[in-house]
Structures are given as C-alpha cells and as structure tokens.
Amino acid sequence: MTEPPASSSFAARCLHLAGDAGWRVALHALPYAVACGVITEGMLRLRLAVLWKLPLVTLTLASLYLAVLLGTHVSTLRLAGRSGLVLAPTRHVLGTTARISGESAVAALVGLLAALALVGALDIGIAMLAPAGGARWPETLLRAIATLTALAGLIVILTAGTALAASTLGRVENFATAARQLFRRSERTTAVVCTAIFAGTAVAIVATRLLGMADLGPPIIAAALAKAAGFLALTIPLSVGAAVIAAEA
C-alpha cells in the first residue's frame, strides 16, 4: 500500500494504516482480547460486591493495555516502514515501555480510587435518602460511574500507546508529555476513542447474534467469545490512532 499524502486528513491516514496494519494488530492482540472477554464474562456472571470485582477489573485493564501497546508497536513499525522514519533501538523502546507502564499504572490507580470514592459517596447518599424500592436513580448513577471509569481507562491506555509510539520513533516521551499531546489534539483523541467504542460495541453485538445462532455449546462460551471479538475491535482503532497521533508530533 502506498503512503497517503502528508496533506491528507487524520481520518484518511488512520484508515490507510488500519487497512495495512489492522490484521497484524488483530493477530498480535488476539490472546489478550480473548483474556479480556473471558474475564469480563466471568465478572458479569459472578455475584460479587464491587470491591471484590476490582481484581477482575484490574486484570481486564492489564490485558487490554498489553493488547493496545503491542498493537501500537506493530502499527508504528508499519507506519515507519512506509514513511521512511527512523526507529529507536530496541533497548530504548524496552526501557521507555517499562517507565510508561509504571506511569500508566499510577494514573489507572488514581482513576480506580476516584471511582471507589464516588461509589462510596453514592452508598452514603442512598443510606441518607432511603429511596423507595422502585427508585432507579441509584442504579443510573452507578452505571454512570462505571461508564466514566471505563472511559478514563481507555484514555489512559491511549495515552500510554501514544507515548510508546513516540518513543519507538526515537523521541524521549513519557506519560505526561503524551497526555498533553492528546489534550492539544483533543478532536483527534475524541475521534479515536469514540471510533474504538463504536467498533467494539458493534462487533460485540454482531458476534453475540452470530455465535448465538451458531450454537457452539454453553452460552457462557459464546458470550465470552463475543466479548473477546469486541475487545479485539476496540484494540485496532486505539493502536492505529496512537501511532498516527504520535507520528504527527
């Protein structure tokens, strides 16, 4: 595939790179996507309190993080190969990956603690207001907290991927620098995250229908595979978007 002109839009560059590197990203990220699907399905089926689900949430985020970082590296290599960009030595990439992962873990921990604080505040509010049995606002607020937490997790993962892509291209990058870069390019960041969410949700819904009709065995297997397909579809836009954003800097 030929490299699109430098004046092409961000969406065109992402689509071009996705067409070139998308299947490679999917191939490398497949084991981690399957892990995400299995863990998520198990977490939904287990009747556990929010606090006891935290280890499963952490494992899911870690698996998705590894999938996106690996996919971003693959995308960056393809982008550099077609654009003639100089790649950093492997030792430099490995060192920055370890540092970026540590910084990302701290950011993710802050997000989880904030989510737990909001859940605690919601519990206190429910205890004080004692809503009627048919009241739906506690469940709505809890879902809103879960949605915001998941969105924050995606932004943390995208930031880490952007930092890794920039480091692969030879720049000295850390999590904070990448976060500022994504903030300056907020339109691109929003487009990447929204595309990833839409792709993941759409693929998961379609896979659920198709696997349900295929009758592959116990429903839990089909549900886990459908969620794995959704996570795989989520990984590709995040990986490609991180590589393209890093290359623009």
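**Overall build and largest pocket**

The protein has an accessible surface of about 13200 Å² (Shrake-Rupley method, 1.4 Å probe), and 73% of this surface belongs to carbon and sulfur atoms. The model is a predicted one, in which local features need pLDDT of at least 70, side-chain atom pairs count only at pLDDT 80 or more, and totals for chains, interfaces and linings use all residues. Residues are numbered from 1 along each chain as its sequence is written, and side-chain values use heavy atoms, with hydrogens and water left out.

Seven helices and zero strands make up the secondary structure, helices being DSSP runs (H or I) of at least four residues and strands (E) runs of at least two, numbered from the N terminus. The radius of gyration, taken over C-alpha atoms, is 19 Å, close to the 18 Å of the globule rule for 249 residues, so the protein is as compact as a globular protein of that length. That rule is 2.2 Å times the number of residues to the power 0.38. Of the 249 residues, 40% count as buried (under 20% relative accessible area, 1.4 Å probe, protein chains only).

What, then, lines the largest pocket? Its lining consists of 40 residues, and Met43, Leu44, Ala146, Thr147 and Ala150 lie nearest the centre. A pocket here is an open set of points on a 1 Å grid where a 1.4 Å probe fits, with protein on both sides within 12 Å along at least five of seven lines; lining residues have an atom within 4 Å of a point. Helix α4 gives the largest share of the lining, 12 residues.

How values were computed. Buried means under 20% relative accessible area, exposed over 50%, partly exposed in between (1.4 Å probe, protein chains only).
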